[in-house]
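Notes follow in the order I checked them.

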Amino acid sequence: MRCPSCHHNGTRVIDSRPVDDNKEIRRRRECESCGYRFTTFEKVEETPLIVVKKDGSREEFSREKVLRGLIRACEKRPVPLEQLEQIVYDIEKELRRIGNSEVHSVDVGEMVMDELAKIDEVAYVRFASVYRQFKDINVFMEELTELLNRQSKK
């Protein structure tokens, strides 16, 4: 590691500790030449996860977009923000576990709906109505019937 003060190429690590839920390591370093101390952060470089949208366009997976959709669906519902953040974390973890660098937005949406159905039926219906773009009341009723059938099987 190059010293930011004198640009000498030799430094030694004085202290290391995990940060950000063990996703990064913070290191205190000291230059072997001038004694200058500085901090570096080390984290695993993840390959970007690309979402292929319905129109064929591609964009990087955004935790924030998924979380915003969940928050909107759960507005005025008794669902804690921590639970929604955990859903986003679990979905991204599952997508990365599958190992494909590209995923379809339809798959992401279905995963979100599966998770919402487990925690809040009203939020599920709200999200599904926007996500599936219900054209009329009959399509909406079909979705509600499917939800009721799932609930009765539990």
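I began with helix H1 (residues 63-73) and helix H3 (residues 105-119), whose axes come within 12 Å and cross at roughly 40 degrees. I am working from a predicted model. I noted the hand of the H1 and H3 crossing as right-handed.

Next I asked which residues in H1 meet H3. I found Val66, Leu70 and Ala73 on the H1 side. On the H3 side I listed Val108, Val112 and Leu116. I then sorted the contact of H1 with H3 by class: 6 residues are nonpolar, none is polar and none is charged.

I turned to the strands. I traced an open sheet of 3 strands in the order E1-E2-E3, with antiparallel pairing. I marked strand E1 (11-19) and E3 as the edge strands, since each pairs on one side only. I recorded an average twist of 25 degrees from one strand to the next.

I put arginine 26 opposite phenylalanine 41 in E3. I put arginine 28 opposite threonine 39 in E3.

Last, I asked how many residues lie between E2 and E3 in their hairpin. I count 5. In that turn I flagged glycine 35, which has a positive phi of about 80 degrees.

Notes: Residues numbered from 1 in each chain as written. Predicted model: local features only at pLDDT ≥ 70, side-chain atom pairs only at ≥ 80, totals over all residues. Heavy atoms only, no water. Pairing = 2+ DSSP bridges. Helix = DSSP H or I, 4+ residues; strand = E, 2+ residues; numbered from the N terminus. Axes fitted to C-alpha atoms, helices over the stretch in contact; angles between N-to-C directions. Left-handed = near helix turned anticlockwise from the far one by under 90°. Contact = heavy atoms within 4.5 Å. Nonpolar A, V, L, I, M, F, W, Y, C, P; charged D, E, K, R; others polar.
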